[in-house]
Amino acid sequence: VLGTGDDAGQLVRVSGAVRLSDGRVLVLDGGSTELKEYGANGQFRRIWAGRGQGPGELEFPSNLTRLPGDSVQVWDRRLARVTVFDAAGTLAREFNLAGMGFRAPPKLWRLDTSHWVGEFAQLDQSRTLARSADGALVEIPSILVRVSELGIGDTLLSLAGFQEIQFGAGSQTPAVPVQSSWAVAAGAIISGDGRRPEFRIATPQ
């Protein structure tokens, strides 16, 4: 059981977790904005990264990926930054996608040694599904795009995206939303659109 005992090891909102080859578990806590290490027995050990905007720090981390050699990658949505730590928790490298002319995607998954995949909402292609005096149900499609340190690349897949209810003062997710889901595994993209009990597997070239 993780997140019990020591106050520093308490978990607020888990955004991702990976197990390393020696049994250690790393947990990305989006609530406390920390990357935490736990032993194979679940005992809290230490904090690898905490809140801040400096090198190796986190502002709005949204996903965690294990890389070869037990290094790990953290994608920070607010900083639009990829941060890589080695197996000892030392900052290995990082690069920033801010200022490249696109809105940072919620998650960024590693595709291969030099590319990542991000989901981008196509706001200009949204369509209204239903409308009432209080608001409208809107569907916003999205695309999966290949990203590198040089910037945005080619489109890999088109997705159904997500639905939201738009009111005069804002928007919120419906109680039972239709929302695409996807993941990257072994260089392939696995996706589903939330409408049918099926998924697609695509291998980018």
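Two strands are said to pair if DSSP finds at least two bridges between them. Strands themselves are DSSP runs of at least two residues, labelled E and numbered from the N terminus.

Good morning. The model before you is predicted, so local features need pLDDT of at least 70 and side-chain atom pairs count only at pLDDT 80 or more, whereas totals for chains, interfaces and linings use all residues. Residues are numbered from 1 along each chain as its sequence is written, and side-chain values use heavy atoms, with hydrogens and water left out.

I begin with a hairpin. Strands E11 and E12 form it, with four residues between them. E11 covers residues 127–131 and E12 covers residues 136–148; the two run antiparallel and are joined by four bridges. Arg127 has Glu139 of E12 as its bridge partner.

Next, a sheet. Four strands make an open sheet in the order E5-E6-E7-E8, paired antiparallel. At its edges lie E5 (61–66) and E8 (91–96), each pairing on one side only. Which strand is joined to E8 by five bridges? That strand is E7, residues 81–85, and it runs antiparallel to E8. Within E8, Arg93 is the bridge partner of Val84.

Finally, the surface. Phe199 sits in the loop between strand E16 (188–192) and strand E17 (200–202). Is Phe199 buried or exposed? Phe199 counts as exposed because its relative accessibility is 58%, the terms being buried for under 20% relative accessible area, exposed for over 50%, and partly exposed in between (1.4 Å probe, protein chains only).
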